[in-house]
Amino acid sequence: MNIQSATFKKGIVGDDEILHDETPQVAFIGRSNAGKSSLLNTLCNKKKLAISSKTPGRTKEINIFLINETHYFVDLPGYGYAKVSGSVAEKLYGLINWYLFNSEHRPKVVVLIDAFVGPTKDDLVIIENLEEVHKDIVIVLNKIDKVKSSKRLKRINELTKQFSNHKVFACSSQEKIGIEELRAEVLG
Ligand code: GDP
């Protein structure tokens, strides 16, 4: 699966016509610092398409990218970021929940988990809530390069078993592991 084009369309903070134009949506969600922007950039073969959660500004919006003229990648704000204050965090959670749990939106939801850290409580809560509303979930065990190669297979097997109801991909933007497979899954 090749990427012919990837362009930023718009940042939204609520309902927008772009969500209703029938283009299939692939949403990316994860704890801040899980490597979401790096993964989006690597998936799209672009250095600076998505912006790291360390950069203020666009990360407070839902950023929508048009990929190959066929799919939208929907970049949701990162969650669990210790440095954002209560009211800002509340707004961000409101935005994430509105998008994910609005029944009019039917995205495939890619949940990034840091493969080295393992799933956090926040990760597990989001996954459970998504399961309850029967969303199509893909789990990415991200930054898999951080797990020593001698322990990698065991780690992948454990986490794949933990999320056995879903498709699981072990990925690394840094070492370009699992990127092609994930691309085929989300654009297929
Ligand atoms: P975001 O906050 O989820 O958007 O995460 P970023 O993409 O900004 O990445 C957070 C940090 O993790 C940065 O320091 C990245 O260089 C690092 N990072 C991202 N992807 C990988 C990866 O595949 N492997 C490793 N080892 N580090 C990564």
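His-134 counts as exposed because its relative accessibility is 70% (exposed means over 50% relative accessible area, buried under 20%, partly exposed in between, with a 1.4 Å probe and protein chains only). This is a predicted model, where local features need pLDDT of at least 70, side-chain atom pairs count only at pLDDT 80 or more, and totals for chains, interfaces and linings use all residues. Residues are numbered from 1 along each chain as its sequence is written, and side-chain values use heavy atoms, with hydrogens and water left out. Helices (H or I, at least four residues) and strands (E, at least two) are DSSP runs numbered from the N terminus.

**The sheet**
- Seven strands form an open sheet with mixed pairing, in the order S1-S3-S4-S2-S5-S6-S7 (two strands pair if DSSP finds at least two bridges between them).
- Strand S1 (6-12) and strand S7 (167-170) are the edge strands, and each pairs on one side only.
- From one strand to the next, the twist averages 25° (axes are lines fitted to C-alpha atoms, for helices over the stretch in contact, and angles run from 0 to 180 degrees between N-to-C directions).
- S6 and S7 run parallel and are joined by 4 bridges.
- Leu-141 stands opposite Ala-170 in S7.

- S4 is largely enclosed by the rest of the structure, because 5 of its 5 residues are buried.
- His-71, Phe-73 and Asp-75 lie on one side of S4, with Tyr-72 and Val-74 on the other.
- In a regular strand, side chains alternate between the two faces of the sheet.
- S2 and S4 run parallel, with 4 bridges between them.
- Ala-27 has Val-74 in S4 as its bridge partner.
- S3 pairs with S4 in the antiparallel sense over 5 bridges.
- Phe-65 stands opposite Phe-73 in S4.

- Helix H1 (residues 36-43) is mostly covered, with 7 of its 8 residues buried.
- Among the buried residues of H1 are Lys-36, Leu-39, Leu-40 and Leu-43.
- Strand S2 (25-30), strand S4 (71-75), strand S5 (108-114), strand S6 (136-142) and helix H5 (179-187) are included in what covers them (contact means heavy atoms within 4.5 Å).
- Helix H2 (residues 86-101) lies across S1, S2, strand S3 (62-67), S4 and S5.
- H2 runs at about 145° to S2.

**Positive phi angles**
- Most residues other than glycine have a negative phi.
- His-134 has a positive phi of about 60° although it is not a glycine.
- His-134 sits in the loop between helix H3 (121-132) and S6.
- Asn-33 has a positive phi near 80° and is found in the loop between S2 and H1.
- Asn-33 counts as partly exposed because its relative accessibility is 43%.

- Of its 17 lining residues, Thr-23, Pro-24, Gln-25, Arg-106 and Pro-107 are the closest to the centre (on a 1 Å grid over the protein atoms alone, a pocket is an open set of points where a 1.4 Å probe fits, with protein on both sides within 12 Å along at least five of seven lines, and lining residues have an atom within 4 Å of a point).
- S2 and H5 are the elements that give two or more residues to the lining.
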